[in-house]
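Here is a short briefing to read alongside your protein. Have the structure open and follow the residues as they come up.

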Amino acid sequence: MNIFRVFGTLPHICQRLLKRPQNLFTSNQPSPYCQFNEDTVMLCDSNIQRMKLLLKDTATSSSSVSVESKTKLLCSIYLQLKSQEKADFLRHLVMNYGVNHSSVQKCARSFLSSQEQGESSRIKAEENLRSSLTPYYIGLFGHIGRLEGGVKFLVDLRKDVLYLLSMLEPNKSIAPNIKALNKTLRDLLSLWFSAGFMRLQRVTWDSSCDMLQKISEYEAVHPVRSWGDLKLRVGPYRRCYVFTHSSMPKEPIVVLHTALTTEISTSIQSIVNHAHLQLEEKLFQPLSKDVVEDPKNIHAAVFYSISSTQKGLQGIELGTQLIKQAVKDVLAEFPRISLFSTLSPVPGFRDWLLLELSKDERGALLSSFFLTDEEYTSLKDHLCKNNAVSVREQILEMLKSNQWLQDANLSELLKVPFMRLCAQYLYREKRRGYALNSVGITL
């Protein structure tokens, strides 16, 4: 089937759409000219061979005005689809424009028979086999990638593919085809978004309002509370770095927040609450007049928040590369820094510990497994002086309400046991062979 030719046969209203001056890849408004529905998805079987010929032809004539205009139209119509319509189109794409298995079998047999026909025949057979294993939709993605806004379109397309995969039952016959489409897009985007193509950029209060707004909206770890909070996160003793891409120059791909401190922080609250800088009421005053960084007080860099902004780039490792480049930038500015650290939240640890303590009704595990004899005795002396409630019940209650954070002595007593239990949670606790927490996967 031939997607390009089918859309080329739509009424003259689609020709008017091609002449519209707006950016076809950024409009979120429904098209008044053309709707993409099940009728247009159900293409005629007679178009299959024509589609193959067009994809083959465009490999050598990629600058064709006709192919470019029809690819733009295809993308424009796709953007107007509802979720279910997108899913229907993706199913149609993988079932009709994936790998031609008959061709693969034929080329495989030719390859086997070429082994005794000389080196030239074998190499040619290998090339034919390799070509036959390439899905037809690769050509379509190539055309889209050459368009202005096309790379962003493919990133968003993969987001739709990932969503479709999450909704499919594993035993569905089409699931392997959708997985193959996802892998193809991931491999393609991995090449286009490799570290060498990414640009490191530092965001400051003087950066564009558009960039600052996106930094605020994309923060996934510690939500930005206000413009004043954002000003502090990009101000003195803080660094905010982003990766940008030439195809998406105004879009931060990955965002990294860094705190410059005297030592490695033991609590994220001391960083995100900005206890040493209260500038909320000075929001519109120049930061240089409020606080001046003293390099003598900067001995550590703590990377406390990293967010990937594009769901379509899931599984493409950019965070580690951003941290590596940020380290180089910080060292160039502060050569005396010798300590670098990441500070990651472990949100599932508290729920896991509460569950384990709830199972331990008699407190046997608490005194024999979770705590050493010395730790148990110290906690019992601290908690049970004037209270008949057991150590286990008091710890459970304080974990639920976070009361232990208000008691400095108790916090110190629980520090070592909680660190040990957290290490066990990250390293040893598994579900179906995988770490319970995503932080543990990277350790």
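How exposed is Glu293, going by its relative accessible area? Glu293 is partly exposed, at a relative accessible area of 22%. Please keep in mind that this is a predicted model. The protein has 443 residues, and its secondary structure comes to 22 helices and 7 strands.

**The protein as a whole**

- Buried residues make up 43% of the protein.
- The accessible surface is about 25,200 Å², and carbon and sulfur atoms account for 52% of that surface.
- Among contacts with a separation of 6 or more, 74% are between residues 24 or more positions apart.

**The sheet and the helices across it**

- An open sheet is built from 5 strands in the order E1-E2-E3-E4-E5, with mixed pairing.
- At the edges sit E1 and strand E5 (339-342), each of which pairs on one side only.
- From one strand to the next, the twist averages 25 degrees.
- H12 lies across E1, strand E2 (238-245), strand E3 (254-261) and E4, and runs at about 95 degrees to E1.
- Helix H16 (residues 319-333) lies across E1, E2, E3, E4 and E5, and its direction is at about 130 degrees to E2.

**Salt bridges**

- The structure holds 15 salt bridges, and three of them are worth a visit here.
- Glu293 and Arg239 form one, with their closest N and O atoms 2.9 Å apart. Glu293 belongs to the loop between helix H15 (287-290) and E4, while Arg239 belongs to strand E2, so this bridge ties together parts that are 54 residues apart in sequence. Although Glu293 is partly exposed, Arg239 is buried, with a relative accessibility of 1%.
- Arg420 and Glu375 meet through their side chains at 2.7 Å, N to O. Because Arg420 lies in helix H21 (residues 408-427) and Glu375 in helix H19 (residues 373-383), the pair ties together parts that are 45 residues apart in sequence. Arg420 is partly exposed at 33%, whereas Glu375 counts as buried at 15%.
- Glu119 and Arg122 also form a salt bridge, at 2.5 Å from N to O. These two residues are 3 apart in helix H8 (residues 119-132), which means that about one helical turn separates them. Glu119 is partly exposed at 48% relative accessibility, and Arg122 is partly exposed too, at 21%.
- Glu126 joins Glu119 and Arg122 in a network of salt bridges.

**Aromatic pairs**

- The count of aromatic pairs comes to 9.
- One of these is Trp205 with Trp227: the ring centres are 6.2 Å apart and the planes are at 75 degrees, so the pair is edge-to-face, given that planes over 60 degrees apart are classed that way.
- Trp205 sits in the loop between strand E1 (198-203) and helix H12 (209-218), and Trp227 sits in helix H13 (residues 227-233), so the pair ties together parts that are 22 residues apart in sequence.
- Elsewhere, Phe349, Trp352, Phe418 and Tyr425 form one aromatic cluster.

How values were computed: Residues numbered from 1 in each chain as written. Predicted model: local features only at pLDDT ≥ 70, side-chain atom pairs only at ≥ 80, totals over all residues. Heavy atoms only, no water. Phe/Tyr/Trp six-rings, centres within 6.5 Å; stacked < 30°, edge-to-face > 60°. Helix = DSSP H or I, 4+ residues; strand = E, 2+ residues; numbered from the N terminus. Pairing = 2+ DSSP bridges. Axes fitted to C-alpha atoms, helices over the stretch in contact; angles between N-to-C directions. Contact = heavy atoms within 4.5 Å. Buried < 20%, exposed > 50% of the residue type's maximum accessible area, 1.4 Å probe, protein only. Areas by Shrake-Rupley, 256 points an atom, 1.4 Å probe, with all protein chains shown as cover. Salt bridge = Lys/Arg side-chain N within 4 Å of Asp/Glu carboxyl O.
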